[in-house]
Amino acid sequence: MLAFFSNAAARVRRDEKGATAVEYGIMVALIAVVIIVAVGLIGGNLTTTFNSVACAAKGGTMSTAATPVCSK
């Protein structure tokens with residue numbers, strides 16, 4: 001009977017480690033999805049901002065047309 005409880009306790013300890021690894025895997029996957037979505041949503045705005053700053057550094061101004069153009 002004691003051996004049964006010892007084996008059961010050992011199985012529970014092993015199972016918790018496996019569950020923890022799965023939980024960490026799910027958390028990493030969710031974090032990756034959040035990062036991908038954030039970059040997708042913010043990426044266009046960042047490109048426009050950096051292009052505008054680069055244009056201003058050259059002494060020009062950005063147009064607000066459909067295709068922004070740097071003009072001096």
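Proline 68 touches Met62 and Ser63, leaving aside residues up to four places away in sequence. In this predicted model, proline 68 sits in the loop that runs between strand 1 (61–62) and strand 2 (70–71). Its relative accessibility is 42%.

Asparagine 51 belongs to helix 1. The separation between asparagine 51 and cysteine 70 is 19 residues in sequence and 8.4 Å in space, taken from C-alpha to C-alpha. Asparagine 51 has a relative accessibility of 41% and therefore counts as partly exposed.

These residues can now be set within the whole fold. The secondary structure of the protein consists of 1 helix and 2 strands, and along the sequence the elements follow the pattern α-β-β. Helix 1 spans residues 2–57, while strand 1 covers 61–62 and strand 2 covers 70–71.

Next comes the surface. The protein has 72 residues, of which 3% are buried; buried here means a relative accessible area under 20%. The protein exposes about 6100 Å², and carbon and sulfur atoms supply 71% of that area.

Part of the surface is a nonpolar patch formed by Val33, Val37, Leu41, Ile42, Leu46 and Phe50. Together these residues have about 600 Å² of accessible area. One of them, Leu41, is located in helix 1. Is leucine 41 buried or exposed? Its relative accessible area is 64%, and the cut-off for exposed is over 50%, so leucine 41 is exposed. A residue needs over 30% relative accessible area to be part of a patch, and leucine 41, at 64%, is above that value.

Methods
Residues are numbered from 1 along each chain as its sequence is written. This is a predicted model: local features need pLDDT of at least 70, side-chain atom pairs count only at pLDDT 80 or more; totals for chains, interfaces and linings use all residues. Side-chain values use heavy atoms; hydrogens and water are left out. Patches are made of residues with over 30% relative accessible area and no salt bridge: like charges are joined within 9 Å, nonpolar side chains (Val, Leu, Ile, Met, Phe, Trp, Tyr) within 5 Å. Accessible areas come from the Shrake-Rupley method with a 1.4 Å probe; for residues, only the protein chains shown count as cover. A salt bridge is a side-chain nitrogen of Lys or Arg within 4 Å of a carboxyl oxygen of Asp or Glu. Helices (H or I, at least four residues) and strands (E, at least two) are DSSP runs, numbered from the N terminus. Buried means under 20% relative accessible area, exposed over 50%, partly exposed in between (1.4 Å probe, protein chains only). Contact means heavy atoms within 4.5 Å.
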